[in-house]
Amino acid sequence: MKKFYKLKKINNISQELTLSFQKLPLDSYTKANYDFRKRRFSIGKFNYNKVIHWYTNNVFFQSLEINSYNGNLNRNFENIDDNVLKEIETQILPNIICELPLSEYQVGIHQIRVFSEDNTLGLVAPEGIHQDGFKFLAICCIAKKNISGAITQIIDQDKITIVYEKALNPFDLIIFNDEIFYHYTSSFKSKNNKIESYRDVFVFTFK
Ligand SMILES: [Fe+2]
């Protein structure tokens with residue numbers, strides 16, 4: 001298995017896609033005593049000629065071994081809007097697929113807003129340093145507002161050596177091998193707690 005991570009920049013993201021994060025439903029599977037995450041989720045399958053078929057049944061399952069925070073649980077999320085999926089298919093996915101070994105993949109797409117209100121912590125990765133149990137992962141940041149923190153780290157197999165570290169900015173796309181690397185993103189706080197603060201990303205899983 002090829003060991004790689006790569007940072008790219010995407011462009012031509014519409015305002016409609018950016019605004020779609022305003023309409024995300026709350027993620028009811030979080031465990032803090034306050035809300036901090038909203039999410040939609042869709043699954044697609046693409047073959048060698050890259051034609052994507054989107055499924056409508058979108059249950060996300062991870063074993064307890066992989067996810068001690070939300071493992072062994074069928075998590076049901078609402079689908080990502082069709083027009084958002086279309087734009088992902090033309091503007092984002094091609095930038096990822098061209099970096100992956102030629103194969104058939106099932107792709108899971110998580111549209112996520114983590115937010116902070118009234119001085120709460122925006123918990124981006126409450127499970128800590130982890131792998132997600134896929135071949136490849138990609139994180140694409142779409143927006144950040146009024147936050148300090150949220151540093152993303154790619155960590156080597158020893159779970160100690162940080163091979164890459166960056167607070168992802170809007171339109172940063174990072175792609176890496178989930179079978180080899182671990183990853184983590186630190187929590188964030190509002191810079192000014194009188195105005196809303198959030199971090200909007202798409203997380204792509206490939207298996
Ligand atoms: Fe993850």
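## The β6–β14 pairing

Strands β6 (residues 105-116) and β14 (residues 197-206) run antiparallel and are joined by 10 bridges. Strands here are DSSP runs of E with at least two residues, helices are runs of H or I with at least four residues, and both are numbered from the N terminus. Two strands count as paired if DSSP finds at least two bridges between them.

The model is predicted: local features need pLDDT of at least 70, side-chain atom pairs count only at pLDDT 80 or more, and totals for chains, interfaces and linings use all residues. Residue numbers start from 1 along each chain as its sequence is written.

The β6–β14 pair belongs to an open, antiparallel sheet of 7 strands, ordered β1-β11-β7-β14-β6-β2-β3. Its edge strands, β1 (5-9) and β3 (52-54), each pair on one side only. From one strand to the next, the twist averages 20°.

Helix α2 (residues 82-97) lies across β1, β2 (37-46), β3, β6, β7 (136-145), β11 (172-177) and β14, and runs at about 65° to β14. Axes are lines fitted to C-alpha atoms, for helices over the stretch in contact (C-beta atoms, placed from the backbone, within 7 Å). Angles run from 0 to 180 degrees between N-to-C directions.

## Overall architecture

The protein has 2 helices and 14 strands in total. Its radius of gyration, taken over C-alpha atoms, is 16 Å, close to the 17 Å from the globule rule (2.2 Å times the number of residues to the power 0.38) for 207 residues; it is therefore as compact as a globular protein of that length.

Among contacts between residues at least 6 apart in sequence, 79% join residues at least 24 apart.

How values were computed: Two residues are in contact if their C-beta atoms, placed from the backbone, lie within 7 Å.
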